[in-house]
Amino acid sequence: MGIVSLCAGVAGLSASLPDITGAPMRREQINKRICELLNRRMPFVWGVADQAIVSGCSLFLTLVLANALDVQSFGRFSIAWAFLILLESVLFRGLFDDGLPAVAHRVASSRWPQLRASLYVASIGTSGLFGVAFVVAGLVALSFHFDHAALLIATGTAIPSTRLQSVFRRIGYLDGRLRRVVSGALIYAVVLAGSAAAMIWLQLTSAAAAMACVALSSAAAGLFGLVYAAGLAKPHRRVLTWLITRLLREGRWFAATSLTYWISSIGLIPLCGLLIGLEASASLRLMLVVFAPLSQLNASLLSVKLPGAALTLRHNDRAMFLSLTRSNAMQFGGLSALYGVAAALLGVPILAWLVSDRGFDVSEVNMALMALAMSLDGIWLGLALPLFAVGRPQQFLASRITGLAVLCLSLPVGTYAWGVAGVIGAMVLSSAASVGVLGTRLVRLETPKPIVASSLYSDRIS
């Protein structure tokens with residue numbers, strides 16, 4: 001009995017003592033939860049870092065060229081850059097990149113090396129054809145002593161180079177290898193800075209030399225991706241044909257939507273050069289690059305919000321659809337409006353400090369109008385996000401077409417009456433029409449059912 005009583009007393013004493021192991025256990029749980037949170041957030045952090053580096057490089061190159069080149073040469077470079085964006089961000093990205101995630105999940109993981117190689121073959125083959133056409137046109141123009149022959153040749157080399165870099169980035173995002181993508185962006189930044197410095201040091205300040213800097217830096221970043229060739233395998237003809245067919249089937253809608261946006265924004269750069277002069281093209285390029293960080297930020301937020309929106313709308317709930325539409329329109333529109341106010345107040349003084357006065361038409365009125373246009377584009381993106389989530393690009397394409405029609409009607413009058421300010425004013429009217437049409441369609445539209453994978457693709461590569 002005495003031994004039993006002693007044991008009971010020790011047990012009671014142990015129970016009354018403070019738990020000296022509880023604190024370390026709680027700290028381990030907290031550290032574990034912090035690590036899990038960081039692991040969930042790191043893809044977004046790496047994605048934002050990649051977007052920030054690429055956007056920063058675009059801003060850096062624009063400011064360097066605005067100071068190093070005369071207004072005419074900078075205007076020519078801006079026009080060539082606009083057509084490069086047309087091919088890369090509208091045609092190639094719409095046809096090959098935007099539909100890739102949905103297609104990839106129809107392929108067995110054992111076939112992904114062939115999928116990656118097929119994407120490289122299709123993309124580089126198509127962009128290479130365009131590049132060769134530009135180079136041949138430049139050589140023909142050179143034989144006739146055409147002034148812009150060198151710019152055509154440099155643009156022809158930049159087309160497949162930028163496509164190679166884009167394919168590397170898209171595959172990195174698809175595989176979740178975002179550190180690799182950021183490493184490629186850093187290589188792009190270093191080579192771009194070095195080539196721009198060499199251009200200025202060698203006094204090769206021309207639009208063709210500037211485009212050559214873009215081609216060289218993009219090729220360096222894209223070739224860095226080929227270092228990981230272990231993730232590639234020789235594609236069979238069946239896999240290559242299947243991939244191209246499936247990408248082109250849905251890519252036409254993405255490309256059409258991107259084209260309407262290009263015409264009403266970046267596409268105005270060459271139009272300004274035609275209607276007003278190269279100085280107007282250069283001025284519009286400068287103002288657009290001020291809002292490039294906002295576009296990159298909105299793109300990152302869209303990528304983050306899309307999976308959750310798709311999960312929320314899987315039950316086809318109209319009330320939830322409208323609620324999600326309103327909240328996203330307020331978030332994207334509010335963020336764009338805040339950035340626009342800051343750009344309208346500080347954009348002109350900062351540009352005046354960074355860029356020497358070379359005759360650019362960048363005024364407070366023009367910057368305020370550009371801020372209004374970009375704020376309306378942010379609202380449109382928030383309204384369109386639920387349609388992106390359910391895979392229905394056809395629904396918001398009509399709003400972009402309406403905005404394009406308004407642009408075509410208002411642009412001649414605005415350009416004739418107010419010059420660059422009239423062009424930006426036409427952008428505002430176009431964006432407002434797109435927002436109005438999309439908002440009206442969303443109110444009247446029955447909640448669109450999400451596209452089921454089997455309805456898109458009747459077969460599966462396994």
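1. Aromatic pairs. A search of the whole structure, which is a predicted model, finds 5 aromatic pairs. One of them joins Phe83 and Trp262: the ring centres lie 6.2 Å apart and the planes stand at 50 degrees, so this pair is tilted. The pair links distant parts of the chain, with Phe83 in helix H3 and Trp262 in helix H9, 179 residues apart. The two partners may be set side by side in terms of accessibility. Phe83 is partly exposed, at a relative accessible area of 39%, whereas Trp262 is buried, at 10%.

2. A further aromatic pair. Phe168 and Phe224 form an edge-to-face pair, with 5.8 Å from centre to centre and 90 degrees between the planes. Phe168 belongs to helix H6 and Phe224 to helix H8 (residues 207–225), so the pair ties together parts that are 56 residues apart in sequence. Phe168 counts as buried because its relative accessibility is 5%, under the 20% limit. Phe224 is likewise buried, with a relative accessible area of 18%.

3. The nonpolar core. The largest nonpolar core has 111 residues, and those with the most contacts inside it are Phe77, Met211, Phe291, Phe360 and Met370. Helix H3 (residues 71–97) gives the most to this core, with 15 residues. As a local view of the packing, Met211 may be examined. Once residues up to four places away in sequence are set aside, Met211 touches Phe77, Ala80, Trp81, Leu84, Leu151, Ala154, Thr155 and Ala158.

4. The largest cavity. The count comes to 3 cavities of 30 Å³ or more, and the largest of them holds about 80 Å³ of space. Its lining consists of 13 residues, of which Ser264, Asp377, Arg400, Met427 and Ser431 lie nearest the centre. Two or more lining residues come from each of helix H9 (237–263), helix H14 (364–389), helix H15 (393–418) and helix H16 (420–444). The largest share, 4 residues, is that of H16. By class, the lining has 5 nonpolar, 6 polar and 2 charged residues.

5. Met427 at this cavity. Met427, one of the lining residues nearest the centre of the largest cavity, lies in helix H16. Met427 counts as buried, its relative accessibility of 4% being under 20%. Apart from its neighbours within four places in sequence, Met427 is in contact with Ser264, Ser265, Leu268, Met370, Ala373 and Leu407. Met427 and Leu369 are 58 residues apart in sequence, and their C-alpha atoms are 8.6 Å apart in space.

6. The second largest cavity. About 60 Å³ of space lies in the second largest cavity. Its lining is made up of Leu100, Trp112, Leu115, Arg116, Leu119, Ile171, Leu174 and Asp175. Helix H5 (112–143) and helix H6 (149–175) are the elements that give two or more residues to this lining, and H5 gives the most, with 4 residues. By class, the lining divides into 6 nonpolar, no polar and 2 charged residues.

7. Gln51 is found in helix H2 (residues 22–68) and is buried, with a relative accessible area of 16%. Beyond residues up to four places away in sequence, Gln51 touches Arg169, Tyr173, Gln296 and Ser300. Ser410 is found in helix H15 and is also buried, because its relative accessible area of 15% is under the 20% limit. With neighbours within four places in sequence left aside, Ser410 is in contact with Ala426 and Leu429.

Notes
Residues numbered from 1 in each chain as written. Predicted model: local features only at pLDDT ≥ 70, side-chain atom pairs only at ≥ 80, totals over all residues. Heavy atoms only, no water. Core = buried A, V, L, I, M, F, W, Y, C linked by side-chain atoms within 4.5 Å. Buried < 20%, exposed > 50% of the residue type's maximum accessible area, 1.4 Å probe, protein only. Contact = heavy atoms within 4.5 Å. 1 Å grid on protein atoms, 1.4 Å probe; cavity = no way out; pocket = protein on both sides within 12 Å on 5 of 7 lines; lining within 4 Å. Points joined across faces, edges and corners; volume = space filled by probe spheres on them. Nonpolar A, V, L, I, M, F, W, Y, C, P; charged D, E, K, R; others polar. Phe/Tyr/Trp six-rings, centres within 6.5 Å; stacked < 30°, edge-to-face > 60°.
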